[in-house]
Amino acid sequence: MRTARLRTVHPVLWAGWAALAAGAVLCVLGWYGISGERFAERQLPYLASCTVPGAALIIAGAVLLTHGRNALAAARVEELYGLLVAADPADADESGQAASAPVAVSGDLLMVPGGTLWHRADCPLVSGKTEALPVDSRVLAGGELAPCPICEPAASDARSSGADG
């Protein structure tokens, strides 16, 4: 699924390459013309008619290529974001995973097996995750888990919730 923006980027890239090629040809022609003349007065026309416009085309080609590459990258990110947003959350309900998630209570403290943080149950990082487990007080006392920087559970929450294992 290619977006219209991707199709408009390719002409910019082709124009950039064409400008670079034309600029290189003009610079070579200017150099060849200048190299055949002994006096500076006779070299000036080649410089003015070939080398300066050739250098300008090379710069313009580089700018077009840079713009085209940035636009292409932005279009690809936009397309990936569209695919991510278009993912149907109803698919999770059909598999039964999201439907079996317990309702979070903010007083409960949870952890994800293999994780490094402990969270309040209403934390967006663990809410709705079926693999989240209640926090073991021995794990908290051992300092193996750090409090989540998002929901910022306090140590007093752990004592008041009676987290044990």
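Strand 2, residues 117-120, pairs with strand 4 in the parallel sense over two bridges, where two strands count as paired if DSSP finds at least two bridges between them, and where strands (E, at least two residues) and helices (H or I, at least four residues) are DSSP runs numbered from the N terminus. Within that pairing, Leu117 has Ala146 of strand 4 as its bridge partner.

Please keep in mind that this is a predicted model, in which local features need pLDDT of at least 70 and side-chain atom pairs count only at pLDDT 80 or more, while totals for chains, interfaces and linings use all residues. Residues are numbered from 1 along each chain as its sequence is written, and side-chain values use heavy atoms, with hydrogens and water left out.

Stepping back to the sheet, four strands make up an open sheet with mixed pairing, in the order 3-1-2-4. Its edges are strand 3 (133-134) and strand 4 (146-147), each of which pairs on one side only.

Now to the charged side chains: the count comes to one salt bridge, defined as a side-chain nitrogen of Lys or Arg within 4 Å of a carboxyl oxygen of Asp or Glu. Arg120 forms this bridge with Asp122, and their closest N and O atoms are 3.3 Å apart. Arg120 is partly exposed at 26% relative accessibility, and Asp122 is also partly exposed, at 38%, on a scale where buried means under 20% relative accessible area, exposed over 50% and partly exposed in between, using a 1.4 Å probe and protein chains only. Of the 165 residues in the protein, 22% are buried.
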